[in-house]
2 protein chains.
Amino acid sequence: MRYSIADDLRARIITGRLKPDERLPSEAKLAAHYRVSTPTLRNALAVLQGEGLIEKIHGKGNFVRRQLHQLTYVGGGHMAFDREVPRASLRVTVRMTNTRARGSLASLLKVPLHSPLSELLCVGYEGESPHSLMRVYVPRDLAPITLQAEVPCWGSVEAALAEARPALADTQETVAARLPTRSEAAALRISTALAILAITRVSTGITGRVAEAAHLVLAGDRANALFTTLHMTRERPAQR
Amino acid sequence: MRYSIADDLRARIITGRLKPDERLPSEAKLAAHYRVSTPTLRNALAVLQGEGLIEKIHGKGNFVRRQLHQLTYVGGGHMAFDREVPRASLRVTVRMTNTRARGSLASLLKVPLHSPLSELLCVGYEGESPHSLMRVYVPRDLAPITLQAEVPCWGSVEAALAEARPALADTQETVAARLPTRSEAAALRISTALAILAITRVSTGITGRVAEAAHLVLAGDRANALFTTLHMTRERPAQR
DNA sequence: GAGTGGTCTAGACCACGAG
DNA sequence: TCGTGGTCTAGACCACTCA
């Protein structure tokens with residue numbers, strides 16, 4: 001039952017009979033329309049919410065989610081949009097704090113516990129909707145970074161980081177799929193039932209010292225990651 | 001309420017008071033114990049199911065999921081286990097069929113629609129539990145592959161493919177996080193609420209022709225993917 | 001205060017698994 | 001057949017939004 005109702009509503013959304021940002025009828029009315037109880041109808045909406053098709057706003061209603069542009073994270077540390085997106089609608093907020101290496105962070109960065117770090121908390125936006133979270137950690141002695149509180153795009157953040165730190169030799173990225181924590185879901189304004197792409201990135205400088213570690217969180221319905229591996233057929237360097 | 005019950009049960013599982021493969025008390029008994037209704041208790045169990053901590057088996061009960069070994073997919077096309085896993089417990093079933101390029105597959109492989117392909121459907125197991133699905137597509141004229149129905153590990157599949165096809169120049173991998181389809185969840189024996197890592201891999205041969213495309217699906221709670229990017233500081237080749 | 005979604009209750013009925 | 005989980009009902013009560 002729940003799935004057939006979800007199927008019907010999904011078809012209405014995909015064919016455009018329900019338009020982006022449009023409010024669905026109230027749950028009580030939808031339940032009456034489909035002749036089911038409210039919990040059953042809510043289960044159907046939960047399916048669509050998990051697919052990222054609708055957004056529930058407490059006290060206001062259920063809304064068709066505007067289909068946003070796909071975001072592609074490119075291995076090595078770049079953020080890109082698939083299609084042409086108005087540059088003006090893109091922005092990134094950056095907040096820098098000083099902190100100290102705790103637990104897993106210390107081992108990622110290969111620094112002693114409690115050594116001083118700079119933490120950059122970055123949130124990427126397209127228009128008003130956040131699409132990505134990034135927390136960057138840099139040993140404080142390596143890079144005296146200063147960044148404005150808001151920059152036009154990810155390129156600015158990447159450039160500022162690249163200038164401040166030593167040249168990089170390689171970057172290792174671990175990619176995982178999971179459900180968001182409650183705070184991640186709130187920050188990205190997505191449902192807790194929507195999968196996210198979690199990327200842990202560790203970059204090593206040419207000196208062999210870890211220059212930077214970063215945690216990225218991307219909403220699964222609008223982001224993917226792209227990695228390119230070159231196969232050296234002639235002389236194979238120690239790639240791992 | 002649902003979350004506090006989930007927290008309590010989670011603590012019991014993590015601390016080992018509930019052991020792997022152990023059956024939980026019936027939902028009715030748990031509901032009575034926590035003094036909540038059965039739907040509320042079931043919501044709590046759904047939280048744990050989404051975390052991959054329990055497995056529900058209709059007609060039998062709820063079981064603590066055995067914590068299985070972490071699987072790491074290494075960019076470029078290798079499957080690896082983090083820790084030492086008994087080789088004997090690993091196996092891969094392979095089924096080959098002949099098919100034709102349809103829709104997106106044709107554009108991935110850059111072949112005309114309906115051109116003949118070989119399809120390999122591979123399922124990786126650790127013991128009795130499946131951990132990964134892979135569908136590999138190869139233009140039929142490029143690689144007359146023959147594989148047994150069951151091989152000991154992923155290395156055998158990789159080796160057989162590597163022998164049959166021309167040498168590779170590069171591999172592009174697109175990684176996405178999403179919820180599994182019903183059939184993927186059934187094949188991996190995971191909950192439909194557990195995120196999966198979906199990887200689309202396209203390998204180009206040294207001739208410039210696409211040699212292989214593959215779709216991989218890995219359970220989010222036990223798999224991640226690792227990619228390494230080398231930064232060429234001296235002379236930067238056209239890496240993309 | 002009216003209308004919306006968020007959560008929970010108590011219980012019915014069905015489907016599956018094992019003896 | 002019995003005990004299990006799977007799904008749905010009808011309705012209560014609370015929290016949030018907005019006029």
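Among contacts in chain A between residues at least 6 apart in sequence, 62% link residues at least 24 apart; two residues are in contact if their C-beta atoms, placed from the backbone, lie within 7 Å. This is a predicted model, where local features need pLDDT of at least 70, side-chain atom pairs count only at pLDDT 80 or more, and totals for chains, interfaces and linings use all residues. Residues are numbered from 1 along each chain as its sequence is written, while chains are lettered from A and ligands numbered from 1 in the order in which they are written.

**Chain A overall**

- Chain A has 6 helices and 12 strands, taken as DSSP runs numbered from the N terminus (helices are H or I with at least four residues, strands are E with at least two).
- Along the principal axes, its C-alpha atoms fill a box of roughly 65 × 45 × 35 Å.
- Of the 240 residues of chain A, 33% count as buried, meaning that 20 or more other C-beta atoms, placed from the backbone, lie within 10 Å of the residue's own.

**Two domains**

- Chain A splits into domain 1 (2–64) and domain 2 (71–226), with bounds that come from an automatic or database domain assignment.
- The C-alpha centres of domain 1 and domain 2 of chain A are 34 Å apart.
- Each domain of chain A puts 4 residues into the contact.
- On the domain 1 side of chain A, the residues touching domain 2 are 1 nonpolar, 3 polar and no charged; Ala, Val, Leu, Ile, Met, Phe, Trp, Tyr, Cys and Pro count as nonpolar, Asp, Glu, Lys and Arg as charged, and the others, Gly among them, as polar.

**Helices α2 and α3 of chain A**

- The axes of α2(A) (residues 27–34) and α3(A) (residues 38–50) come within 9 Å and cross at roughly 100 degrees, so α2(A) is roughly perpendicular to α3(A) (65 to 115 degrees counts as such).
- Those axes are lines fitted to C-alpha atoms over the stretch in contact, with angles running from 0 to 180 degrees between N-to-C directions.
- A:E27, A:A28, A:L30, A:A31 and A:Y34 of α2(A) meet A:T38, A:L41 and A:R42 of α3(A).
- That contact has 5 nonpolar, 1 polar and 2 charged residues.

**Around DNA strand C**

- DNA strand C has 21 residues around it, the closest being A:S26, B:M1, B:S37, B:T40 and B:G59; a residue is near a strand if its C-beta atom, placed from the backbone, lies within 6 Å of it.
- At least two residues each come from α2, α3 and β2 (61–64) of chain A and from α3 (38–50) of chain B.
- The most comes from α3(B), with 4 residues.
- By class, this surface near DNA strand C has 5 nonpolar, 11 polar and 5 charged residues.

Technical notes. Angles under 35 degrees count as roughly parallel, over 145 as roughly antiparallel, 65 to 115 as roughly perpendicular and the rest as oblique. A residue is buried if 20 or more other C-beta atoms lie within 10 Å of its own, exposed if 12 or fewer, and partly exposed in between; C-beta atoms are placed from the backbone.
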